[in-house]
Amino acid sequence: MPRITDEQRDARRTQILDAARACVAEYGLEAVSVEMIIARSGLSTGTVYRYFKGKGEIIAAAVISGTAGLIRALQPVLTQDPPPGLPAFMQQVLRRTESYSKRGDIDLRHVALHGWSHSQSDPELKAAVETMYQGARQQLAQVCKKWQATGQLDSDVDPDAVAQLLLTIALGFSAQHALAGGAGIDAHIKALSALTSGLPHPGPTST
């Protein structure tokens, strides 16, 4: 039997994780079994077990790869220099999040709720997810420092505190969309613009 390539191995692994996400989206995390994931993947039982020991490993890998994928998708926004103003910046963040979350008929924002919940009962998974989100928060803090350098944000404001708020908006948008529905990007940006329009905009800080 010919050996599979690294690309084929990665493709099979992705196939399994996508099958797990589809099952979770349709049935909920607790109802999903490894047998359901195998059937949805279209791969043999032996093939799936060569990649993962069981359901727990599959779900943990799906959570980690999904979180990492979202943060990679946000990199063009987070690393802009200079970044656009706050409303435009958050519009880009939310649009990137929405675009990444759409996988055919599956909305990863709904799946993410199950993943966030599962991570709380798995210390290793929780630590991995926290590390990735903390990295994103650090990048948001750098964006805030760029705003301060151009006078768009008061120099006395703590960039880390603003970064926490921006991450809350991004994660909260996904959670609200999944739990309550009706979370629109345009509505969020209009509201954010209205809330910030009355705030003072200090000029650039002299050095």
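**Entry 1**

I started with Asp-6 and Arg-9, whose side chains meet in a salt bridge at 2.8 Å, N to O. For the term I used this rule: a side-chain nitrogen of Lys or Arg within 4 Å of a carboxyl oxygen of Asp or Glu. Before going on, I noted that this is a predicted model, where local features need pLDDT of at least 70, side-chain atom pairs count only at pLDDT 80 or more, and totals for chains, interfaces and linings use all residues. Residues are numbered from 1 along each chain as its sequence is written, and side-chain values use heavy atoms, with hydrogens and water left out.

Where do Asp-6 and Arg-9 lie? I found both in helix 1 (residues 6-27), 3 residues apart, which is about one turn of the helix. Helices here are DSSP runs of H or I with at least four residues, strands are runs of E with at least two, and both are numbered from the N terminus.

Next I checked accessibility: buried means under 20% relative accessible area, exposed over 50%, and partly exposed in between, with a 1.4 Å probe and protein chains only. Asp-6 counts as exposed because its relative accessibility is 52%. Arg-9, at 33%, counts as partly exposed.

**Entry 2: salt bridges across the chain**

How many salt bridges does the rule give? The count I got is 6.

I looked at Arg-103 next, which forms a salt bridge with Asp-18, the closest N and O atoms being 3.8 Å apart. This pair links distant parts of the chain, with Arg-103 in strand 1 (residues 102-103) and Asp-18 in helix 1, 85 residues apart. Arg-103 has 34% relative accessibility, so I wrote it down as partly exposed. Asp-18 is partly exposed too, with a relative accessible area of 32%.

Then I went to Asp-186 and Arg-95, a salt bridge with its closest N and O atoms 2.9 Å apart. Here too the pair links distant parts of the chain: Asp-186 sits in helix 9 (residues 185-197) and Arg-95 in helix 5 (residues 86-101), 91 residues apart. Asp-186 is partly exposed at 42% relative accessibility, and Arg-95 is partly exposed at 39%.

I also noted a network: salt bridges that share partners join Asp-18, Arg-21 and Arg-103.

**Entry 3: helix 5 against helix 9**

The axes of helix 5 and helix 9 come within 9 Å and cross at roughly 160 degrees. Axes are lines fitted to C-alpha atoms, for helices over the stretch in contact, and angles run from 0 to 180 degrees between N-to-C directions. Are the two helices roughly parallel or roughly antiparallel to each other? Helix 5 and helix 9 are roughly antiparallel, since angles under 35 degrees count as roughly parallel, over 145 as roughly antiparallel, 65 to 115 as roughly perpendicular and the rest as oblique.

Among the residues that meet here, I marked Leu-86, Met-90, Leu-94 and Arg-95 in helix 5, and Asp-186, Ile-189 and Leu-192 in helix 9. Contact means heavy atoms within 4.5 Å. By class, this contact has 7 nonpolar, 4 polar and 3 charged residues. Ala, Val, Leu, Ile, Met, Phe, Trp, Tyr, Cys and Pro count as nonpolar, Asp, Glu, Lys and Arg as charged, and the others, Gly among them, as polar.

**Entry 4: helix 5 against helix 8**

Helix 5 also has helix 8 (residues 159-179) as a partner, with axes that come within 10 Å and cross at roughly 40 degrees. That makes helix 5 oblique to helix 8. On the helix 5 side I listed residues including Phe-89, Met-90 and Val-93, and on the helix 8 side Leu-166, Ile-169 and Phe-173.

**Entry 5: the whole chain**

Last, I stepped back. The chain has 9 helices and 2 strands, running α-α-α-α-α-β-β-α-α-α-α from the N terminus on. Its C-alpha atoms fill a box of roughly 70 × 35 × 30 Å, taken along the principal axes. Buried residues make up 39% of the 207 residues.
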